[in-house]
Amino acid sequence: MAITADGKTAAAVCFNGEVVVWDVATARVLHTMKQGANGSNAIAFSPSGNRLLTTGHDGSAIVWNVETGEELARKEHKGYGWSALFLNEDTAIVAFNESDIYFWNLASGEMESRFRIAQGSCSDLALFADRRTPAKVTTAGGPLIPLKF
């Protein structure tokens, strides 16, 4: 589940592949989108709350327009979409298969800077308190590990 920074909009991914966006104040569903037949796993709003990033069990990563529910961009990868995060409005970070992390430049549409995690798989992505430095969390526990690019 994800909530916009202003707390007005929430979204959740479902095992049936649906992505549901709703208005928090009224609990009214705004959109229901389809990630894929194999289900969705991770979800994140952009800092402005205008875009939503989801990853699927089928290896897809999709950026959605929150206002319209339309698909804006899609990338496919062999494997499982594990985690998702917006670094800023134009850069998304997507983790696949617990070990491959990509920076997705949304302006160019290119996946850049691939990280291969050697020790401890990536269970989640996060930002440090400065809201600019991305980090991975491993399934083995321990501290946040900064991702340098």
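Predicted model: local features only at pLDDT ≥ 70, side-chain atom pairs only at ≥ 80, totals over all residues.

Trainee: OK. How many helices and strands in the protein chain?
Mentor: Zero helices and 15 strands.

Trainee: What share of the residues is buried?
Mentor: The chain has 149 residues, and 46% of them count as buried.

Trainee: What about contacts between residues 24 or more positions apart?
Mentor: They account for 33% of the contacts with a separation of 6 or more.

Trainee: On to the sheets. Which strands go with β1?
Mentor: β1 belongs to an open sheet of four strands, ordered β1-β2-β3-β4. The pairing is antiparallel.

Trainee: Which ones stand at the edges?
Mentor: β1, residues 2-3, and β4, residues 29-34. Each has a single partner strand, so one side of each is left without a neighbour in the sheet.

Trainee: How many bridges join β3 and β4?
Mentor: Five, in the antiparallel sense, with β3 covering residues 18-23. To find one, look at Val21: its bridge partner in β4 is His31.

Trainee: Next sheet. What is the strand order from β5?
Mentor: It runs β5-β6-β7-β8. This sheet has four strands, is open, and pairs antiparallel. The edge strands are β5 (40-45) and β8 (71-76), and each pairs on one side only.

Trainee: How much twist from one strand to the next?
Mentor: It averages 15°.

Trainee: And inside that sheet, how do β6 and β7 pair?
Mentor: Antiparallel, over five bridges. β6 spans residues 51-56 and β7 spans residues 60-65. Arg51 has Asn65 as its bridge partner in β7.

Trainee: Let's stay with Arg51. Buried or exposed?
Mentor: Buried, because its relative accessibility is 18% and the cut-off for buried is under 20%.

Trainee: It's an arginine, though. Which residues does Arg51 form salt bridges with?
Mentor: Arg51 is linked with Glu89 and Asp90 in a network of salt bridges. Take Glu89 to begin with: the closest N and O atoms of that pair are 3.8 Å apart. Arg51 lies in strand β6 and Glu89 in the loop between β9 (81-88) and β10 (91-96), so the pair ties together parts that are 38 residues apart in sequence.

Trainee: And Asp90? What is the N to O distance from Arg51?
Mentor: 3.7 Å, side chain to side chain. This pair also links distant parts of the chain. Asp90 sits in the loop between β9 and β10, 39 residues from Arg51 in β6.

Trainee: How many salt bridges in total?
Mentor: The count comes to four. Among them is the one where the side chains of Arg74 and Glu76 meet, at 3.1 Å from N to O.

Trainee: What does Arg74 count as, by accessibility?
Mentor: Partly exposed, at 35% relative accessibility.

Trainee: Good. So which residues do I label for the network?
Mentor: Arg51, Glu89 and Asp90.

Conventions
Residues numbered from 1 in each chain as written. Heavy atoms only, no water. Pairing = 2+ DSSP bridges. Helix = DSSP H or I, 4+ residues; strand = E, 2+ residues; numbered from the N terminus. Axes fitted to C-alpha atoms, helices over the stretch in contact; angles between N-to-C directions. Buried < 20%, exposed > 50% of the residue type's maximum accessible area, 1.4 Å probe, protein only. Contact = heavy atoms within 4.5 Å.
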